[in-house]
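Hi everyone, thanks for coming. Please get the sequence and the 3D view up on your screens, and we'll walk through them together.

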Amino acid sequence: MAERDFLPPIPDTARGPNTPALFLSLFLLVLAFFILLVTISTLEEVKTKSVMDSLTSTFTSIVPPSTDPTRFKSKEGDLIAGQQYQETVTDIFAAALQVAQVKVVHPGRLMQVQIPANTLFAEDAAGILPSQFELLDRIAAAASGRPPGLRFDLEFIIGSRVRADGGLPQSQTLELARAGAFAREMAQRGLPPDSIAIGIEPGDPNDVTMWFYIRREAETRLRLDGDDGGE
């Protein structure tokens, strides 16, 4: 046997220490330390509560307001649309006729406008004053912009003298001619024919009253077979 077979093995110094075993030993040592701390510690409820209260007060944030859109029921939406229409009509008359008396009878549903006839019609004639054409254009535009499910109706009433027997005249009069002229002018400006009604009532021929109605379309339909027009 050769002499080199009895020499001790030469250590492999190039591979270095066993790193995984070293980290495992450190981990076990730290774990044992924390187990020892938990074992010897005691829970003090008062201090625990104080710490939790401090953390809560420090990191509590104000919840931002909800960004969800406000939801309205159909009737509430109709009411808002009706009120906006009434505001538009009020602005129209305030800008065109300072003598107009505007009254909201039922918010979102009905309003009344009273004007002298001589501010709208030519003297002793049925024709509309050219200076009021813009007023009619704006009324027609506002009444024609119906939101879905709603309709804007206009009722034009002019005062008329009564006959000797107390009844309204049955033949053509200046007041009837003026009412007809107003309806034709509004139709020419695009107001739906089913949105306007005209009439006369006993009173001063210089008094003109306009009623602006906001109605749901279901309310104006003929109800058959127990149709309740529900929403």
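So, to start: of the contacts in the protein with a separation of 6 or more, what percentage comes from residues 24 or more positions apart? The answer is 71%, where contact means heavy atoms within 4.5 Å.

Quick housekeeping. What you see is a predicted model, so local features need pLDDT of at least 70 and side-chain atom pairs count only at pLDDT 80 or more, while totals for chains, interfaces and linings use all residues. Residues are numbered from 1 along each chain as its sequence is written, and side-chain values use heavy atoms, with hydrogens and water left out.

Okay, the overall layout. The protein has six helices and five strands; these are DSSP runs numbered from the N terminus, with helices (H or I) of at least four residues and strands (E) of at least two. Reading from the N terminus, the order is α-α-α-β-β-α-β-α-β-β-α. The accessible surface comes to about 16,300 Å², and 59% of that belongs to carbon and sulfur atoms. Those areas come from the Shrake-Rupley method with a 1.4 Å probe, and for residues only the protein chains shown count as cover. Of the 231 residues, 29% are buried. Buried is under 20% relative accessible area, exposed is over 50%, and partly exposed is in between (1.4 Å probe, protein chains only).

Now zoom in on helix H4, residues 133-144. At 1.5 Å a residue, its twelve residues should span 16 Å, and the end C-alpha atoms are 16 Å apart, so that agrees. If you're checking the sum, the expected span is 1.5 Å times one less than the number of residues.

Which residues of H4 are buried? They are Leu135, Leu136, Ile139, Ala140, Ala142 and Ala143. They cover an arc of only 165° around the axis, which puts them on the same side of H4. That arc is taken from the directions from the helix axis to the C-beta atoms. Turn to the other side of H4 and you'll find Glu134 and Ala141 exposed.

Setting aside neighbours within four places in sequence, Glu185 is in contact with Ile128, Phe133 and Leu136.

On to charges. How many salt bridges does the structure hold? There are six, and by salt bridge I mean a side-chain nitrogen of Lys or Arg within 4 Å of a carboxyl oxygen of Asp or Glu. One of them joins the side chains of Asp137 and Arg189, 2.6 Å from N to O. This pair links distant parts of the chain, 52 residues apart: Asp137 is in helix H4, and Arg189 is in the loop between H5 and strand E4 (196-202). Asp137 is partly exposed at 38%, and Arg189 is partly exposed at 22%.

Next, Arg151 and Asp194 meet in a salt bridge at 3.6 Å, N to O. Arg151 lies in strand E3 (residues 150-160) and Asp194 in the loop between H5 and E4, so the pair ties together parts 43 residues apart in sequence. Arg151 is buried at 11% relative accessibility, whereas Asp194 is partly exposed at 46%.

Then there's Arg215 with Asp153, whose closest N and O atoms are 2.6 Å apart. Here Arg215 is in strand E5 (residues 207-216) and Asp153 is in strand E3, 62 residues apart. Arg215 is partly exposed at 27%, while Asp153 is buried at 6%.

Last stop, the surface. Val30, Phe33, Phe34, Leu36, Leu37 and Ile40 form a nonpolar patch with about 590 Å² of accessible area together. Patches are made of residues with over 30% relative accessible area and no salt bridge, joining like charges within 9 Å and nonpolar side chains (Val, Leu, Ile, Met, Phe, Trp, Tyr) within 5 Å. Leu37, for instance, is in helix H1, residues 19-40, and counts as partly exposed at 35%.
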